[in-house]
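Here are a few notes to read alongside the model. Have a look at it, then work through the points in order.

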Amino acid sequence: MYSAKFYKFTTESGHQISLTSLHLILVVYSSLTIDYIAARDVQLADRFYVLVNNQLEPSPVTKITIEIQEGYFAPLTMTGKRKKNDKYSFDFVFSRHDLSQ
């Protein structure tokens, strides 16, 4: 485990989530369109879907705090490969851009 900066979000509904800065989260806009943005780009009043009475409802972010926490992470690189201790590892991310349309 590693120590890292986490963004902790609290919504109007009382739900909370903590994410590292580049972790993507779905944001709901006023027109009910959606987009995935990095946690570091979330602003107050951005809305997350939360589960209320077994239904997904948009709830605005009312509080953002930054904390150092221990956790696991999967670092990504621009090339998809990383070298540490003379060993290579590869990372790939599949992103469906059509989900936000």
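1. A quick definition to start: rings of Phe, Tyr and Trp (its six-membered ring) count as a pair if their centres lie within 6.5 Å. Planes under 30 degrees apart make a pair stacked, and planes over 60 make it edge-to-face. Bear in mind that this is a predicted model.

2. How many aromatic pairs does the structure hold? There are two. One is Tyr7 with Phe9, which is stacked, at 6.5 Å centre to centre and 15° between the planes. As for cover, Tyr7 and Phe9 are each buried.

3. The other pairing brings in Phe48: its ring centre lies 5.5 Å from that of Phe9 and the planes stand at 90°, so this pair is edge-to-face. It ties together distant parts of the chain, since Phe9 belongs to strand S1 (residues 2-11) and Phe48 to strand S5 (residues 47-52), 39 residues apart. Phe48 is buried, as is Phe9. Put together, Tyr7, Phe9 and Phe48 make up one aromatic cluster.

4. Now follow S1 onward. Strand S2 (residues 16-20) runs antiparallel to S1, and five bridges join them. Within this pairing, Thr10 sits opposite Gln16 of S2. The two strands form a hairpin with four residues between them, and Gly14 in the turn has a positive phi of about 95°.

5. Leu32, Tyr49, Leu51 and Leu56 make a nonpolar patch of about 410 Å². Of these, Leu51 lies in strand S5, the strand that also carries Phe48.

How values were computed
Residues are numbered from 1 along each chain as its sequence is written. This is a predicted model: local features need pLDDT of at least 70, side-chain atom pairs count only at pLDDT 80 or more; totals for chains, interfaces and linings use all residues. Side-chain values use heavy atoms; hydrogens and water are left out. Buried means under 20% relative accessible area, exposed over 50%, partly exposed in between (1.4 Å probe, protein chains only). Patches are made of residues with over 30% relative accessible area and no salt bridge: like charges are joined within 9 Å, nonpolar side chains (Val, Leu, Ile, Met, Phe, Trp, Tyr) within 5 Å. Accessible areas come from the Shrake-Rupley method with a 1.4 Å probe; for residues, only the protein chains shown count as cover. A salt bridge is a side-chain nitrogen of Lys or Arg within 4 Å of a carboxyl oxygen of Asp or Glu. Two strands pair if DSSP finds at least two bridges between them.
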